[in-house]
Amino acid sequence: MNHSPPGSRPLRLAWVSPVTPAKLDSVTWLDTTREQRRLGMDVTLLAAGPAGTHVYRGIEVVNIPRPEIYFISRLLFHLRILRYLLPRLGQYDFILFHPISAIWLFPLRLAGRGRPLLIMDSRDLLDFGTRTLKARLRNGLERLTYRLATRLADGQTAITPRLAQLVGIPPRQLWGIWPSGVNPEAFAAARAARRPPPAGQPLRLVYVGIFLEQRHLLPLARAVRRANDEGMAFRLSLYGDGPQRPALEAFAATAGGGVRVEQPIPYDAIPTMLAAADIGVTSLPAPDDVKYEASSPLKLFEYMAAGLPVLSTSNRCHTDVVGAGGYAFWAAAPTEDELLTALRAAWAARERLLELGDEAHRAAADWTWAASARKLHQALADGLRRHTPAATTVAPSARRADR
């Protein structure tokens with residue numbers, strides 16, 4: 001392949017996403033693709049779904065059919081990905097993929113000098129605490145994938161430096177770090193509509209996400225009831241679904257209206273809901289939870305962009321973002337007592353919530369998808385230069401409309 005782009009030819013990327021259309025609301029793929037195209041990159045986003053080209057939230061995606069048969073579905077999906085890519089290898093500078101796709105795409109190294117560079121991107125960490133046979137087999141496969149990647153991938157990127165360290169990406173192979181982010185414009189109306197908490201009304205806490213035991217929502221619900229029993233006034237609304245839903249619903253029935261378990265809401269409806277909130281509740285992992293420590297907290301960025309102070313645990317995934325910012329109410333551990341301490345701090349600061357929300361909004365400017373996309377774009381451009389002759393230069397980005 002000729003990696004020397006003539007004139008103003010943009011970088012050309014094929015990005016293999018294993019998710020289905022139902023999950024393509026995830027801004028990781030859609031907003032990053034949008035921003036990469038704005039930077040001038042020619043991006044082909046490949047995802048599981050009904051055959052053909054489809055548009056999701058304004059982004060054109062090439063769908064590859066994937067039957068819903070465990071393991072066989074993954075095999076067939078990637079065979080179809082290869083069938084799509086093989087006749088088009090000369091059209092791309094890079095193929096970006098995630099560990100779940102790596103085993104199937106590494107054979108593209110056999111395509112010779114005409115192949116694109118293979119870049120593995122890591123967004124999540126192995127669940128070391130899970131002991132089921134299925135989880136052990138999955139984790140064993142992923143460990144093998146990372147060992148193979150050090151030999152077969154041309155480069156790697158990761159969501160955080162901590163994740164890159166934990167999965168053992170060699171520094172020589174780490175092209176760059178690009179975290180999650182937020183589209184501030186999507187939350188501008190939420191920030192503009194926010195008002196001080198109404199006099200005599202409870203402070204409105206909101207959580208949006210999956211209901212997992214590791215997110216410690218039940219201890220928070222108990223802490224809210226205790227805070228209300230002490231004479232404070234909070235109302236916790238939980239939007240989402242997951243294994244903990246029955247337990248949360250059962251507790252909410254005893255909490256005197258202080259805890260509400262709501263249905264999941266579409267992504268586009270989240271800003272409107274946040275406009276009526278006072279404090280955003282992040283996931284509440286333990287400070288030493290390594291899986292969360294390596295993550296990039298998407299919901300934290302969205303709360304910040306909406307002008308909300310946050311209630312959070314002091315896991316590194318949160319403290320690395322907030323730093324010395326005063327807009328977070330910290331729980332030293334995800335226990336009922338420590339979460340109650342954080343609620344007391346929030347109650348004491350109730351007259352300053354709008355001011356703290358403004359601080360959170362200003363801090364969100366450092367965590368946008370545009371900023372993250374620039375980091376990925378730069379990582380790919382720099383990596384391409386290292387893999388091409390000295391005379392090769394990457395053309396300046398040319399602005400172009402989303403396709």
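**Close-up views of a predicted model**

Of the 403 residues of the protein, 52% count as buried. The model is predicted, and the legends below describe selected parts of it.

**Figure 1. Overview of the fold.** The protein contains 15 helices and 14 strands. When contacts between residues at least 6 apart in sequence are considered, 69% join residues at least 24 apart.

**Figure 2. Packing of helices H7 and H8.** Two packed helices are described by the angle between their axes and the distance between the axes. Helix H7 spans residues 217-229 and helix H8 spans residues 245-252; their axes lie 10 Å apart, at an angle of about 10°. H7 is therefore roughly parallel to H8. On the H7 side, the residues in contact are Leu 217, Leu 218, Ala 221, Arg 222 and Arg 225, and they meet Ala 247, Leu 248 and Phe 251 of H8. His 216 is located in the loop between strand E9 (203-210) and H7. The phi angle of His 216 is near 55°, which is a positive value in a residue other than glycine.

**Figure 3. Crossing of helices H1 and H15.** Helix H1 (residues 27-38) crosses helix H15 (residues 369-386) at roughly 70°, and the two axes come within 9 Å. The two helices are therefore roughly perpendicular to each other, since angles of 65 to 115 degrees fall in that class. H1 contributes Val 27, Thr 28, Asp 31, Thr 32, Glu 35 and Gln 36 to the contact, while H15 contributes Trp 369, Ala 370, Ala 373, Leu 376 and His 377. Arg 37 also belongs to helix H1. With a relative accessibility of 0%, Arg 37 counts as buried. The C-alpha atom of Arg 37 is separated by 9.9 Å from that of Leu 11, a residue 26 positions away along the chain.

**Figure 4. Salt bridge between Asp 93 and Arg 12.** Side chains of opposite charge can pair when their charged atoms come close. In this view the side chains of Asp 93 and Arg 12 form a salt bridge, with an N to O distance of 3.4 Å. Asp 93 sits in the loop between helix H2 (72-85) and strand E5 (94-97), and Arg 12 sits in strand E1 (residues 12-16), so the pair ties together parts that are 81 residues apart in sequence. Asp 93 and Arg 12 are both buried.

**Figure 5. Salt bridge between Arg 115 and Asp 154.** The N to O distance in the salt bridge joining these two side chains is 2.7 Å. Arg 115 comes from the loop between helix H3 (99-105) and strand E6 (117-122), and Asp 154 from the loop between H4 and strand E7 (155-158); the pair links distant parts of the chain, 39 residues apart. Arg 115 has a relative accessibility of 12% and counts as buried, because the cut-off for that class is under 20%. Asp 154, at 12% relative accessibility, counts as buried too.

**Figure 6. Salt bridge between Asp 337 and Arg 226.** The closest N and O atoms of this salt bridge are 2.7 Å apart. Asp 337 is part of helix H13 (residues 336-348) and Arg 226 is part of helix H7, so the bridge ties together parts that are 111 residues apart in sequence. Asp 337 is partly exposed, with a relative accessible area of 48%. Arg 226 counts as partly exposed at 31% relative accessibility.

**Figure 7. Network of Asp 31, Arg 34 and Arg 57.** Salt bridges with shared partners join Asp 31, Arg 34 and Arg 57 into one network. Arg 57 is placed in the loop between strand E3 (52-56) and strand E4 (59-64). The phi angle of Arg 57 is near 50°, a positive value in a residue other than glycine. Arg 57 is partly exposed, and its relative accessible area is 26%.

**Figure 8. Nonpolar surface patch.** Ile 103, Leu 141 and Leu 144 make a nonpolar surface patch of about 210 Å². Leu 144 belongs to helix H4, which covers residues 133-152. The relative accessible area of Leu 144 is 33%, and the residue is partly exposed.

Note on methods: Residues are numbered from 1 along each chain as its sequence is written. This is a predicted model: local features need pLDDT of at least 70, side-chain atom pairs count only at pLDDT 80 or more; totals for chains, interfaces and linings use all residues. Side-chain values use heavy atoms; hydrogens and water are left out. Patches are made of residues with over 30% relative accessible area and no salt bridge: like charges are joined within 9 Å, nonpolar side chains (Val, Leu, Ile, Met, Phe, Trp, Tyr) within 5 Å. Accessible areas come from the Shrake-Rupley method with a 1.4 Å probe; for residues, only the protein chains shown count as cover. A salt bridge is a side-chain nitrogen of Lys or Arg within 4 Å of a carboxyl oxygen of Asp or Glu. Helices (H or I, at least four residues) and strands (E, at least two) are DSSP runs, numbered from the N terminus. Buried means under 20% relative accessible area, exposed over 50%, partly exposed in between (1.4 Å probe, protein chains only). Contact means heavy atoms within 4.5 Å. Axes are lines fitted to C-alpha atoms, for helices over the stretch in contact, and angles run from 0 to 180 degrees between N-to-C directions. Angles under 35 degrees count as roughly parallel, over 145 as roughly antiparallel, 65 to 115 as roughly perpendicular and the rest as oblique.
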